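Dear colleague,

I am handing over the structure that we spoke about, and below it I have set out what was found. Please read the notes with the structure open beside them.

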Amino acid sequence: LEFRRVLFRSQRCLSAEEITRLLATLRNRIIMVSFLVGFLSLLISLIFSHLITRPLSELLKASNRIAAGDFGVHVPLSGHDELGDLGKGFNRMAEQLQGSFTELSRRKEELQSIISSMAEGLLLFDRDGRVTLFNASAQKIFDQKHIEGKHSWELLRSADAPDRPGPEGESRELVINNRSYLCSSSLLPSGAATVMILHDITALRQMERIKQDLVVNVSHELNTPLTAIKG
């Protein structure tokens, strides 16, 4: 409007060529200003985008490291904005995961030590009847090194036993590789697996047979003189 007023006031003083040059100059200035505004807007957008995406990229890298098992990762995010709070929460989560993983590892080592030190054979079967956990005593009982993943019937087919672990609380005597074992099965509270314990009772059965033979021999030795005395 101001340009129109100036042009209207000075229309008798300006020639057509001067007006054309004035319009061209204004158009060039408008184009230059538009270009500068667009360039500054793009530059500001890139700066803000970098400031926002860099913390998100750090979080993504840290989450990938945690997924790979590195719980000691720390995200260097600070500030009082939402990204800073997100970084602090992520670091706390990583610390808690590291503590939980360390505790689980310690308990797993303790459990493995207890299982390895057991004289009884221990087998853990999943719902499909496959071995998922065992100890060295079980390997010795079945005389096999590779037990994991085998079905129960593959291990118990040589024994006087059914092809699957029995129900919870059931105990029965098995003969495996010419040795007697008392087998007891127990279902885990989750219902996803069954624990089988094999206790070697071969010595007990041998002792019972010795006692029976002793009783028979003693009875026979006593019957002979009694018969002679009676006669």
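In what follows, a residue is called buried when its relative accessible area is under 20%, exposed when it is over 50%, and partly exposed in between, with a 1.4 Å probe and protein chains only. Please bear in mind that this is a predicted model, in which local features need pLDDT of at least 70 and side-chain atom pairs count only at pLDDT 80 or more, while totals for chains, interfaces and linings use all residues. Residues are numbered from 1 along each chain as its sequence is written, and side-chain values use heavy atoms, with hydrogens and water left out.

The protein has six helices and five strands, these being DSSP runs numbered from the N terminus (helices: H or I, at least four residues; strands: E, at least two). From the N terminus on, the order of the elements is α-α-α-β-β-α-α-β-β-β-α. Of the 231 residues in the protein, 22% are buried.

Helix H3 covers residues 82-117, and its end C-alpha atoms lie 52 Å apart, which agrees with the 52 Å that its 36 residues should span at 1.5 Å a residue (the expected span being 1.5 Å times one less than the number of residues). Its buried residues are Gly84, Gly87, Phe90, Asn91, Ala94 and Ile115, and they pack against helix H2 (16-67), strand E1 (121-126) and strand E2 (131-134).

The five strands form an open antiparallel sheet in the order E2-E1-E5-E4-E3, where two strands pair if DSSP finds at least two bridges between them. E2 and strand E3 (171-176) are the edge strands, each pairing on one side only. Within the sheet, E1 and strand E5 (residues 193-200) run antiparallel and are joined by six bridges, with Leu122 standing opposite Ile197 in E5.

A nonpolar core here is a set of buried Ala, Val, Leu, Ile, Met, Phe, Trp, Tyr and Cys residues joined through side-chain atoms within 4.5 Å. The largest such core has 16 residues, of which Leu123, Val131, Phe142, Ile176, Met196 and Leu198 touch the most other members. Helix H4 (136-142) is among the elements that each supply at least two residues of this core, and H4 gives the most, with three. Apart from this core lies another, of eight residues, including Leu59, Ala62, Phe71 and Phe90.

Finally, leaving aside its neighbours within four places in sequence, Val131 is in contact (heavy atoms within 4.5 Å) with residues including Leu123, Phe125, Ile147 and Leu155.

With best wishes
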